[in-house]
Amino acid sequence: MCELMKKKLFLIVVLLIAASCNVSWAAETILLSLPQSVITEVVSKSLPIQFKEASETLAGTIAINRVDNLVFKDQAMSGLISLSGRDMQLNTSFGSQQIHVNVGNVDLSFTVSATTRYDKATRTLLLHPTVTGLDEQGSQNGEIGKLIIALFNDQDIPISLDKLQPIITDIGSKKLIIDTQVEDITLKPGKLDIDLLPRTSVKK
């Protein structure tokens, strides 16, 4: 039997099963196990990530440029992060006057360790990073690097996983729709395990 025919038969079987079921969530989860090397490649291709900072104490453009030596452990990860700040400005006050001090550019490298926790109720992965080994270069103000690091050091960083895109497959005049919701995320040495709860439905 050719591969194309096998795929068609498989999709037909899946469609028949889905059509005979309601659209409630399945009782059992699907385990998706991603090797550390895959996550490292995804992170590398996603960088650089830029964001504008405009707080009471700091303003400018901050970019995460590189993540090296990424290592997964039990419910934790570590790595070396290279970060830059461009057109940075310190904001302070003297009496009733607001003072803005332009400090230029800064390049930072630091080691970060982060614990992870998945909040099932809100479908949110929480990263709690701790920064060590700060190396600052190119800044006119020695405090600028510490202020940038303080934006996320020992803070919970939420990553929402509530709106995952469904898998949609056309079979003849019908559409097979597979929705998934994340039940749990577990970091282990060398891999990331994701428990997915599937729901299938059919539309004409």
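**Salt bridges, backbone and surface**

In this predicted model, Asp107 and Arg86 form a salt bridge in which the closest N and O atoms are 3.0 Å apart. This pair links distant parts of the chain, since Asp107 belongs to strand β5 (residues 97-119) and Arg86 to strand β4, 21 residues apart. Asp107 is partly exposed because its relative accessible area is 32%, a value that lies between the limits of 20% for buried and 50% for exposed. Arg86 also has a relative accessible area of 32%, so it is partly exposed.

A second salt bridge joins Glu183 to Arg123, with 3.1 Å between the closest N and O atoms. Here too the pair links distant parts of the chain: Glu183 sits in strand β9 (residues 174-188), Arg123 in the loop between β5 and β6 (124-137), and the two are 60 residues apart. Arg123 counts as buried because its relative accessibility is 14%. Salt bridges that share partners bring Lys120 together with Arg123 and Glu183 in one network.

Asp68 forms a further salt bridge with Arg66, the closest N and O atoms being 2.9 Å apart. Asp68 counts as partly exposed because its relative accessibility is 22%. For Arg66 the relative accessible area is 48%, so this residue is partly exposed. The count of salt bridges comes to 9.

Asn69 lies in strand β3 (residues 58-73), and its phi is near 55°, a positive value in a residue other than glycine. Asn69 counts as exposed because its relative accessibility is 59%. Gln75 likewise has a phi near 55°, positive although the residue is not glycine. Gln75 is placed in the loop between β3 and β4 (76-94). With a relative accessible area of 31%, Gln75 is therefore partly exposed.

Which two residues are joined by a cis peptide bond? They are Leu47 and Pro48, with omega at about 0°. Pro48 is found in the loop between α2 (36-46) and β2. Strand β2 (residues 49-54) includes Ile49. Ile49 counts as partly exposed because its relative accessibility is 40%. Together with Phe51 and Leu151, Ile49 makes a nonpolar surface patch of about 220 Å².

These details can now be set within the whole chain. The protein chain has 3 helices and 10 strands. Along the sequence, their order is α-β-α-β-β-β-β-β-α-β-β-β-β. Among contacts with a separation of 6 or more, 58% are between residues 24 or more positions apart. The chain has 204 residues, of which 31% count as buried. Its accessible surface comes to about 12900 Å², and carbon and sulfur atoms account for 56% of that area.

Technical notes. Residues are numbered from 1 along each chain as its sequence is written. This is a predicted model: local features need pLDDT of at least 70, side-chain atom pairs count only at pLDDT 80 or more; totals for chains, interfaces and linings use all residues. Side-chain values use heavy atoms; hydrogens and water are left out. Helices (H or I, at least four residues) and strands (E, at least two) are DSSP runs, numbered from the N terminus. Buried means under 20% relative accessible area, exposed over 50%, partly exposed in between (1.4 Å probe, protein chains only). Contact means heavy atoms within 4.5 Å. Accessible areas come from the Shrake-Rupley method with a 1.4 Å probe; for residues, only the protein chains shown count as cover. Patches are made of residues with over 30% relative accessible area and no salt bridge: like charges are joined within 9 Å, nonpolar side chains (Val, Leu, Ile, Met, Phe, Trp, Tyr) within 5 Å. A salt bridge is a side-chain nitrogen of Lys or Arg within 4 Å of a carboxyl oxygen of Asp or Glu.
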